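Here are my notes from a look through the model you sent over.

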Amino acid sequence: MELGIIGLPTSGKTTVFNALTGSNRPTATASTGQLEVYSAVVDVPDERVDRLSALFKPRKTTYAKVTYTDIAGLDQGISQSGISGQLRNRIATMDAFVHVIRAFQNDIVAHPMGSVDPQRDLNILDGETILVDLMTTENRLERLAEGLKKGARGEERQTLQEQQELFQRLHETLESHLPLRDLDLTPEETGFLQGFGLLSLKPMLILLNTGEDLVPAENLVHYEHQQSALTSLPGKLEMEISQLPPDEAEMFMKEFEIPELGSSLVIQRSYDLVGLHSFFTVGEDEVRAWTVRRGANAVDAAGAIHSDLARGFIRAEVIGYPELMAEGNMVAARKAGKVRLEGKEYIVQDGDILHVRFSV
């Protein structure tokens, strides 16, 4: 999963990036106007992986991964200046955006608009993404109209007409000042649109950067759209914690009565938002977490491990994580009849432990 971090200047976007990734990128007080991206890959915290590793004592333990990409320059005015094709192509691969909103006071780093107003800032960048997408849909509609005027026939004409109807729906939604994620699209339509880099189509996690304070996001902004979620993060505090040695970080969290890092919550919210979950493979060689979309079947899960497993899939041995933990080990689970055989159409559940039988 890749999450693009966006936000207005002085929102603390890079501070949040550092907090989420343990990086130490310098934080700037003003936008350079450059369109730049910086990425970091981090493990997805999962106590289930820890407990499975303790149970099987493998030679290797592998967590699921998430990539955070700090996108500089995607802020106010993009609807006028436009987005480069290179950046649009980069954005197209991202699963969702984390929109960082400034919700902290700092006399040293003044807000460019003279005051801290989270709702205003949220509306500004949200509106910019809608305007950018509006121009994209208008350009596409012009090209489709030209294609139809040139006398396309048969299947080609039908395809152009279907695309024209789709983009007209997008255009109407955007003209109503609504993001495209509010539009009910089929999986086929969503897949087709992925290559157009439509900003407001991406699922959006609104993250209120509260600096050093713990403040619920719902107390600061109002936002009700589909495929969207709200959370808050004390960015400066969590960045400092992320850069401490593990033992010092643990002491710090105990002292300030912080039960769980907000970075873990951000990942959990993002998984829910994008519609992802994890299954596991276990053994003496490796305990590993794998990520698939909710609704994925056993063959999809096998393919996530290796294409050969999907191609030669026969059956999957499956046991849920809670059942295995309740029995204590795999031998006891088998004796208790908790390990079952499932076919190709089995829908993989969060926390399933799979062993794929295959023949190539």
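The points below start with the sheet, move to the helices on it, and end with some individual residues.

1. First, a caveat: this is a predicted model. Please read the distances and angles below with that in mind.

2. Now for strand 5 (96-102) and its partners. Strand 5 runs parallel to strand 1, with 5 bridges joining the two, and Gly-4 has Phe-97 of strand 5 as its bridge partner. Strand 5 also runs parallel to strand 6, this time through 6 bridges; here Ile-101 stands opposite Leu-208 of strand 6. As a reminder, strands of a sheet pair through backbone hydrogen bonds, either parallel or antiparallel.

3. How many residues of strand 5 are buried? The count is 7 of 7, so the strand is mostly covered, given that buried means under 20% relative accessible area. In a regular strand the side chains alternate between the two faces of the sheet. In strand 5, Ala-96, Val-98, Val-100 and Arg-102 point one way, while Phe-97, His-99 and Ile-101 point the other way, and all are buried. Note that Arg-102 and His-99 are on that buried list.

4. Leu-207 has Thr-231 of strand 7 as its bridge partner.

5. With 13 residues, helix 10 reaches 18 Å from its first C-alpha to its last, close to the 18 Å expected at 1.5 Å a residue.

6. Which residues of helix 10 are buried? They are Gly-262, Ser-263, Ser-264, Val-266, Ile-267, Ser-270, Tyr-271, Leu-273 and Val-274. Gln-268 is also found in helix 10, but Gln-268 is partly exposed, with a relative accessible area of 40%. The C-alpha atoms of Gln-268 and Pro-45 are 9.2 Å apart, although 223 residues separate the two along the chain.

7. On the aromatics: the structure holds 3 aromatic pairs. In one of them, the ring centres of Phe-167 and Phe-196 are 5.2 Å apart and the planes are at 70°, so the pair is edge-to-face. Because Phe-167 lies in helix 6 (residues 154-175) and Phe-196 in the loop between helix 7 (187-193) and strand 6, the pair ties together parts that are 29 residues apart in sequence. Phe-167 is buried at 0% relative accessibility, and Phe-196 is buried at 19%. Together with Phe-192, Phe-167 and Phe-196 form one aromatic cluster.

8. Look at two arginines over rings as well. Arg-25 lies over the face of Tyr-38, 3.6 Å from the ring centre. Arg-288 lies over the face of Trp-290, 4.0 Å from the ring centre.

9. Another arginine, Arg-90, lies in helix 4 (residues 85-92). Arg-90 is partly exposed, with a relative accessible area of 26%. Leaving out residues up to four places away in sequence, Arg-90 touches Glu-2, Val-37, Ser-39 and Thr-69.

10. Lastly, a couple of backbone angles to check. Thr-10 is not a glycine, yet its phi is positive, about 65°. Thr-10 lies in the loop between strand 1 and helix 1 (13-21) and is buried, at 11% relative accessible area. Gln-227 also has a positive phi without being a glycine, near 50°. Gln-227 lies in the loop between strand 6 and strand 7 and is partly exposed, at 38% relative accessible area.

How values were computed. Residues numbered from 1 in each chain as written. Predicted model: local features only at pLDDT ≥ 70, side-chain atom pairs only at ≥ 80, totals over all residues. Heavy atoms only, no water. Pairing = 2+ DSSP bridges. Helix = DSSP H or I, 4+ residues; strand = E, 2+ residues; numbered from the N terminus. Expected span 1.5 Å × (residues − 1). Buried < 20%, exposed > 50% of the residue type's maximum accessible area, 1.4 Å probe, protein only. Contact = heavy atoms within 4.5 Å. Phe/Tyr/Trp six-rings, centres within 6.5 Å; stacked < 30°, edge-to-face > 60°. Lys NZ or Arg CZ within 6 Å of the ring centre and 35° of its normal.
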